[in-house]
Amino acid sequence: MSGLKFVAERTGDGAGQPFLDTDNGEELMHVQPGTAVVFGSRPPESPGTLYITSKQVVWLSDTDRSKGYAVDFLSVSLHAVSRDPEAYRDPCLYAQIDNGVEDDESEGSSDEGDVSSDLSRITELRLVPSDPNQVDTLFQIFCDCAELNPEPIEEEEEEHNWIFSADQLEHQEAEEDSEWMISPNSTHPIGRSNGDHDLAHNVLQLQINDQRFEDAEEMDSDTKNGDNHS
């Protein structure tokens with residue numbers, strides 16, 4: 001499922017930590033306590049802790065164990081450092097979320113209300129650490145984890161990939177040349193036409209005409225030689 005999702009389960013005591021899918025290689029990369037999360041232009045959520053894993057970003061409330069949100073890195077279409085006070089009052093990490101919903105159906109940045117009402121419509125979030133100096137660190141970790149989660153290649157793109165390497169082009173040209181190799185053992189050598197009989201006939205006809213020209217030139221040469229002897 002793409003987009004933002006609820007985190008309902010935690011491990012450990014107190015505020016707890018998110019479950020990791022260790023069977024599929026998920027690892028905890030960074031923990032940033034004292035981080036607020038802001039969705040669109042809504043007010044910040046209650047204080048919480050940010051957990052960045054090799055596969056997703058998880059925010060868990062420190063005061064409400066039932067409140068937590070997560071988004072896979074594959075759903076994060078953009079992330080950037082924001083220090084513009086006109087955009088947001090505190091330095092933060094801004095991220096856009098690809099929720100798989102058409103733009104006109106997604107939440108506008110000016111909408112306000114309870115984020116839990118429809119997570120699938122959330123397209124923007126800000127992570128605001130209490131220590132502004134940590135923004136650059138979060139950005140770098142986001143970059144590193146994004147590289148661990150490249151966009152999957154569609155099967156259709158693999159089937160219709162028209163970009164060839166130099167080696168592939170040389171191999172293709174060699175195959176095309178082999179289609180027109182002349183057989184030295186053939187009585188009437190004709191290029192392989194790959195089923196095009198008209199083309200093969202034209203090649204044969206051209207060869208016959210060439211032979212006629214050669215015969216005509218020999219006859220003309222013999223005639224001249226005979227005249228000279230006489």
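A residue is called buried when its relative accessible area is under 20%, exposed when that area is over 50%, and partly exposed in between, with a 1.4 Å probe and protein chains only. By that definition, buried residues make up 29% of the 230 residues in the protein chain. This is a predicted model, in which local features need pLDDT of at least 70 and side-chain atom pairs count only at pLDDT 80 or more, whereas totals for chains, interfaces and linings use all residues. Residues are numbered from 1 along each chain as its sequence is written, and side-chain values use heavy atoms, with hydrogens and water left out.

**Overall fold**

- The protein chain contains four helices and eight strands, where helices (H or I, at least four residues) and strands (E, at least two) are DSSP runs numbered from the N terminus.
- Read from the N terminus, the order of elements is β-β-β-β-β-β-β-β-α-α-α-α.
- Among contacts (heavy atoms within 4.5 Å) with a separation of 6 or more, 56% involve residues 24 or more positions apart.

**The sheet**

- Eight strands form an open sheet in the order β1-β5-β4-β3-β2-β8-β7-β6, with antiparallel pairing; two strands pair if DSSP finds at least two bridges between them.
- The edges of this sheet are β1 and β6 (76-82), each of which pairs on one side only.
- Strand β2 is joined to β3 (residues 48-53) by five bridges in an antiparallel arrangement, and histidine 30 has isoleucine 52 in β3 as its bridge partner.

**Strand β4 and its neighbours**

- Six of the six residues of β4 are buried, with Gln56, Val58 and Leu60 on one side and Val57, Trp59 and Ser61 on the other.
- Strands β3 and β4 pair in the antiparallel sense over five bridges and form a hairpin with two residues between them, in which threonine 49 stands opposite leucine 60 in β4.
- Five bridges also join β4 to β5, again antiparallel; these two strands form a hairpin with six residues between them, and valine 57 has valine 71 in β5 as its bridge partner.

**Aromatic residues**

- The whole structure holds four aromatic pairs, counted when the ring centres of Phe, Tyr and Trp (its six-membered ring) lie within 6.5 Å, with planes under 30 degrees apart taken as stacked, over 60 as edge-to-face and the rest as tilted.
- One of these pairs, tryptophan 59 with tyrosine 69, is stacked at 6.1 Å centre to centre, with 20° between the planes; it links strand β4 (residues 56-61) to strand β5 (residues 68-72), the two residues being 10 apart.
- Tryptophan 59 is buried at a relative accessible area of 2%, and tyrosine 69 is buried at 5%.
- Ring pairs link Phe6, Phe39, Trp59 and Tyr69 into a cluster.
- Phenylalanine 73 lies in the loop between β5 and β6 and is buried, with a relative accessible area of 5%; beyond its neighbours within four places in sequence, its contacts include Ile52, Val57, Phe142 and Cys145.

**Arginine 10**

- Arginine 10 sits in the loop between β1 (5-6) and β2 (28-39).
- The backbone oxygen of serine 61 lies 3.0 Å from a polar atom of the arginine 10 side chain, and that side chain reaches the backbone oxygen of lysine 67 at 2.6 Å.
- Not counting residues up to four places away in sequence, arginine 10 touches several residues, including Phe19, Leu60, Asp64 and Gly68.

Technical notes
Polar contact = N/O pair within 3.5 Å; in protein donor to acceptor, adjacent residues only side chain to side chain.
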